[in-house]
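This report looks at a few individual residues, their backbone geometry and their surroundings.

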Amino acid sequence: MNYKLIAIDMDGTLLNNEEKVSERNKEAIMEATKKGVQVVVSTGRIFSSAIYFAKLIKVVTPIIACNGAYVSEYHRDNIILENPIKNKDLKNIIETLEKNNLYYHFYDNENFYTKDLEYNSLKYYEWNKKQDEENKINIQIVENPLSFVEKEDIKVYKIVVMDNDMERIQNARIELSENKEIEVVSSWHGSLDIMYKGVSKGKALKQLCNLYDISREEVIAIGDNENDLSMLEYAGTSVAMENGIDIVKEYATHVTDTNDNDGVAKIIEKLVL
């Protein structure tokens, strides 16, 4: 098959458990691009975080960020797709999360808002200490998020909820699912991703393919978790990581090695190179 595009998830897929890209993965991606294949980073992360890794693997193509709520080229000011959460829904979500005493943060394409430095906000805070200014994530501490979103005119593409108590996470998910104007998926154990209705990596990938006149049969999608299912369903060839959750592995047409054992490189070498 003459593939034209590879969409690759980041956490648990392209990145190993130390959140690094292996040299073998970099080399395989570089060789694929030399053959004219577009490699698209597709992540739940904030756009400004995804830029760092897109540069690292030397791809100059659009980034699917925020689980598909924001798609843009990073090398020039060209937003391809954006679907922020409506403000009334944003306020309702925050009220629900506050009531359930859950950690959460939210972001646009470059600003990361949090009430507490815990979980991922603490991770990014520590990340910033080691980075040059251009690679830092702009973290803003917001003491009263509900009041903040009522007063400030911001676009929120995604809200992330995290807790070690799975029962509390599931209870919040059930409550949030009553709102038909939002999407709720999981990208990691003990987490929820909340976006605007209809937002998914799969729909963003479809729009990119329409833009580039690429058929779904010419697409490979690689992922490991629930939020990757939509792009695996769209792509003609779907690849699950061995470390992925069962439902992803059951759905995929191929299962490659783990993220710690160059699974991305191995499937690219097998199918493309």
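Contact here means heavy atoms within 4.5 Å. The model discussed below is predicted.

## Surroundings of serine 72

By that criterion, and leaving aside residues up to four places away in sequence, serine 72 touches Phe47, Pro62, Ile63, Asn78, Ile79 and Ile80. Serine 72 itself belongs to strand β4, which covers residues 70-73, and because its relative accessibility is 3%, serine 72 counts as buried, the limit for that class being under 20%.

## Positive phi at glutamate 19

Most residues other than glycine have a negative phi. Glutamate 19, although it is not a glycine, has a positive phi of about 60°. Its place in the chain is the loop between α1 (10-14) and α2 (23-34), and because its relative accessibility is 28%, glutamate 19 counts as partly exposed.

## Positive phi at lysine 58

Lysine 58 is not a glycine either, and it has a positive phi of about 60°. The residue is found in the loop between α3 (47-56) and β3 (63-65). With a relative accessibility of 59%, lysine 58 counts as exposed, because that class begins over 50%.

Key: Residues numbered from 1 in each chain as written. Predicted model: local features only at pLDDT ≥ 70, side-chain atom pairs only at ≥ 80, totals over all residues. Heavy atoms only, no water. Helix = DSSP H or I, 4+ residues; strand = E, 2+ residues; numbered from the N terminus. Buried < 20%, exposed > 50% of the residue type's maximum accessible area, 1.4 Å probe, protein only.
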